[in-house]
Amino acid sequence: MTKTLLKMAALAAVLSAGFAACSSDDDAKTTTVEGSQAALDQACADWKTARANWEITEAFLFGAADVYSIDPHTDTWPVAANDLAEVLRDEKAMSNLDNFIKTANSGILGYHGLEYVLFREGNPRQISQITNLEYNYICAVAKDLYNATATLEAAWDSKESNADRHQIALNYVSTHNAINDDGDAEGSLAAFQNFGKAFKTPGTGDWNTALDATLEIISGCQDIIGEVGDSKIGLPYTGEDKTYIESPYAYNSITDFYDNIISCKNALYGQMQAATPQEKSLIYFCQHAGNATLASQANTVVSKLDAALSKIKAMKYPFAVYYADASCKTAIDALGELDDALGALAETLGGYAGNATVEAQCQAINENYVDNVVLASYRTLADNAYKLYQSIVKIKK
């Protein structure tokens, strides 16, 4: 989520341990891949699905996504396009992809590294434009992306029910590095821990009480709401940074923004794709807690949430072209009102610290949140990241 225009240092500093990626063919330097347009089109469609799955997790980027630097490793933007273009022509830099991708600057990796190769002006590139080096690169990046998403799933699975993905997570945290503010690898990651268990069990991890964890749900939503309004839309719209455009090659920006706020809706309503607040959700509790202030504030959140989604959906498409359109300001204002509504709700709810009844209700909210929002979202994310990887492999005949 820390996305700055990054410079990649020392492209030639690629360490040992080769990676076969998808192809053992290394005879072609910049020759185009032998593949089908249909396979490339499918990979692009699967990228959009996997991308949506990621964006609906951005209301809960605390925990594993932050601690293990998975957010910057997979979702740094804008792409460091000049650096990536250089890498994609550099046979030496591409010769040890496995280690290179674990340690490369995050500005050339993840969803947007893939997007840069796969799309132009909102459409799939022509298969005749994809080189063998590009193909090998996106295979390796997609595989790494799957491993990152599998790690997120495993780190929030309180029952550790998927042995294969748990093992992937153990390998991931032992082989990848932390990422600094410049997008460069810096130091080892912390050992694997189970954030799902910690969120459900106050006092065992980052959350001392159940209410603390429940307030984190709101805080996670406010973080992404602020980023969408102030940065993702706001920086290009105001002219402060016209290059700060998410998913510009796929023309996917508005979909990204919309899905980010859907992630808030899922978090607050207690279930993926919930149309109304579910019984064990944060919003349902506030609406039915017998407190008129909480109920009113929760209802305001619902109203402002719907308004924000509507205003984002009404933005002029594509954002990469129409980032200065007046519809952007309308969406920014709606997001600000949603942020304010959530802030008021959090302040009222925070006043119940130490209340045993509220603690018990928050415990139920948190357990449901882990299983039916966070884990469910990450499981879908990992499933479709794997599907994307398979589709990218199949680009080459």
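This is a predicted model: local features need pLDDT of at least 70, side-chain atom pairs count only at pLDDT 80 or more; totals for chains, interfaces and linings use all residues.

Mentor: The chain holds 16 helices and four strands. Its radius of gyration is 21 Å, close to the 21 Å that the globule rule gives for 397 residues, so the chain is as compact as a globular protein of that length. Buried residues account for 55% of the 397 residues. Of the contacts between residues at least 6 apart in sequence, 80% link residues at least 24 apart.

Now to our part, helix α7, which covers residues 132-156.

Let's take α16 as one partner, a helix spanning residues 356-393. Here the angle is about 160 degrees and the axes lie 8 Å apart. Angles over 145 degrees count as roughly antiparallel, so α7 and α16 are roughly antiparallel to each other. The crossing of this pair is left-handed. Sorted by class, the residues of this contact comprise 21 nonpolar, one polar and three charged.

Next comes α8, made of residues 163-175. α7 packs against α8 at an angle of about 110 degrees, with 8 Å between the axes. Since 65 to 115 degrees counts as roughly perpendicular, α7 is roughly perpendicular to α8. This crossing, too, is left-handed. To find the contact in the 3D view, look on the α7 side for residues including D144, Y146, N147 and A148, and on the α8 side for R165, H166 and I168, among others. Further along, T151, E153 and A154 of α7 also belong to this contact, as do Y172 and V173 of α8. In total, the contact of α7 with α8 has eight nonpolar, three polar and three charged residues.

Finally, have a look at the loop between α7 and α8, where you will find E160. This residue is not a glycine, yet E160 has a positive phi of about 50 degrees. With a relative accessibility of 33%, E160 counts as partly exposed.

Note on methods
Residues are numbered from 1 along each chain as its sequence is written. Side-chain values use heavy atoms; hydrogens and water are left out. Axes are lines fitted to C-alpha atoms, for helices over the stretch in contact, and angles run from 0 to 180 degrees between N-to-C directions. Helices (H or I, at least four residues) and strands (E, at least two) are DSSP runs, numbered from the N terminus. Angles under 35 degrees count as roughly parallel, over 145 as roughly antiparallel, 65 to 115 as roughly perpendicular and the rest as oblique. A crossing is left-handed if the near helix is turned anticlockwise from the far one by less than a right angle, and right-handed if clockwise. Ala, Val, Leu, Ile, Met, Phe, Trp, Tyr, Cys and Pro count as nonpolar, Asp, Glu, Lys and Arg as charged, and the others, Gly among them, as polar. The radius of gyration is taken over C-alpha atoms; the globule rule is 2.2 Å times the number of residues to the power 0.38. Buried means under 20% relative accessible area, exposed over 50%, partly exposed in between (1.4 Å probe, protein chains only). Contact means heavy atoms within 4.5 Å.
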